[in-house]
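This briefing goes through one protein chain by topic. Please keep the sequence and the structure open while reading.

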Amino acid sequence: MNQTENTKGQPDVLPAALFGLCPQCGQKTLFANLTKFSDKCRACGLDFSQYNVGDGPAAFLTLIVGAVILGLALAVEANFHPPIWVHILLWVPLTVAAVVGSLRVSKAILLILEHRNQAREGTIDGSDGP
């Protein structure tokens with residue numbers, strides 16, 4: 001058995017999220033573009049639109065990345081005193097890359113975990129009502 005696969009033949013969560021692998025078949029079909037999910041897997045036909053990941057990770061990750069980037073920018077300013085254009089050239093692309101990269105991975109993790117746990121809206125322990 002491959003180290004990146006679990007007992008069901010599905011890829012592990014972290015490698016699947018990092019490489020955009022389908023949670024069912026393991027093919028690189030999860031994303032249609034940088035952060036948008038495909039409608040369905042081109043290999044096995046799994047419908048990705050049935051999963052409700054939402055945009056929750058976006059605000060959370062933007063705040064985390066912003067705090068990290070701010071700390072790094074303050075450290076660079078305190079130690080090296082570069083001109084403002086150096087800060088702009090350094091931190092703007094780094095911030096965009098960090099937010100988009102972390103958003104892609106976090107959305108993939110949420111979708112994969114929703115698939116693995118068979119989570120559905122409005123159900124608790126398999127019951128639909130009180």
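**Aromatic pair and overview**

Phe31 is buried, at a relative accessible area of 10%, where buried means under 20% relative accessible area, exposed over 50%, and partly exposed in between (1.4 Å probe, protein chains only). The model is predicted: local features need pLDDT of at least 70, side-chain atom pairs count only at pLDDT 80 or more, and totals for chains, interfaces and linings use all residues. Residues are numbered from 1 along each chain as its sequence is written, and side-chain values use heavy atoms, with hydrogens and water left out.

**Aromatic rings**

- Rings of Phe, Tyr and Trp (its six-membered ring) pair if their centres lie within 6.5 Å; planes under 30 degrees apart count as stacked, over 60 as edge-to-face and the rest as tilted.
- The count by this rule is 1 aromatic pair.
- Phe31 and Phe37 form this stacked pair, with 5.2 Å from centre to centre and 20° between the planes.
- Phe37 is buried too, with a relative accessible area of 14%.

**Whole chain**

- The protein chain has 3 helices and 0 strands, where helices (H or I, at least four residues) and strands (E, at least two) are DSSP runs numbered from the N terminus.
- Along the sequence the pattern reads α-α-α.
- Of the 130 residues in the protein chain, 27% are buried.
- Among contacts with a separation of 6 or more, 49% come from residues 24 or more positions apart; a contact means heavy atoms within 4.5 Å.
- The protein chain has an accessible surface of about 8,500 Å², and carbon and sulfur atoms hold 63% of this area. Accessible areas come from the Shrake-Rupley method with a 1.4 Å probe; for residues, only the protein chains shown count as cover.

- Helix 2 has 25 residues and spans 36 Å from its first C-alpha to its last, close to the 36 Å expected at 1.5 Å a residue. The expected span is 1.5 Å times one less than the number of residues in the helix.
- Its buried residues are Pro57, Leu61, Val65, Ile69 and Ala73.
- These buried residues of helix 2 pack against helix 3.
- An α-helix has 3.6 residues a turn, so residues three or four places apart point the same way.
- His81 follows helix 2 and sits in the loop between helix 2 and helix 3.
- Although His81 is not a glycine, its phi is positive, at about 50°.
- His81 counts as exposed because its relative accessibility is 55%.

**Helix 3 and the segment after it**

- Helix 3 (residues 84-116) has 33 residues and reaches 47 Å from first to last C-alpha, close to the 48 Å expected at 1.5 Å a residue.
- Buried residues of helix 3 include His87, Trp91, Leu103, Leu111 and Ile112.
- The buried residues of helix 3 pack against helix 1 and helix 2.
- His115 lies in helix 3 and is buried, with a relative accessible area of 13%.
- Leaving out residues up to four places away in sequence, His115 touches Gln10, Pro23, Gln24, Leu46 and Tyr51.
- Gln118 is found in the segment after helix 3, and its phi is near 50°, a positive value in a residue other than glycine.
- Gln118 is exposed, with a relative accessible area of 60%.

**Nonpolar surface patch**

- Ile84, Trp85, Ile88, Leu89, Val92 and Val96 form a nonpolar patch on the surface, with about 650 Å² of accessible area together.
- Patches are made of residues with over 30% relative accessible area and no salt bridge; like charges are joined within 9 Å, and nonpolar side chains (Val, Leu, Ile, Met, Phe, Trp, Tyr) within 5 Å. A salt bridge is a side-chain nitrogen of Lys or Arg within 4 Å of a carboxyl oxygen of Asp or Glu.
- Val92 lies in helix 3 and is partly exposed, with a relative accessible area of 48%.

**Cys25**

- Cys25 is in the loop between helix 1 (13-19) and helix 2 (56-80).
- With a relative accessible area of 28%, Cys25 is partly exposed.
- Not counting residues up to four places away in sequence, Cys25 touches Cys41, Ala43 and Cys44.
- Cys25 and Gly45 are 20 residues apart along the chain, and their C-alpha atoms are separated by 9.4 Å.
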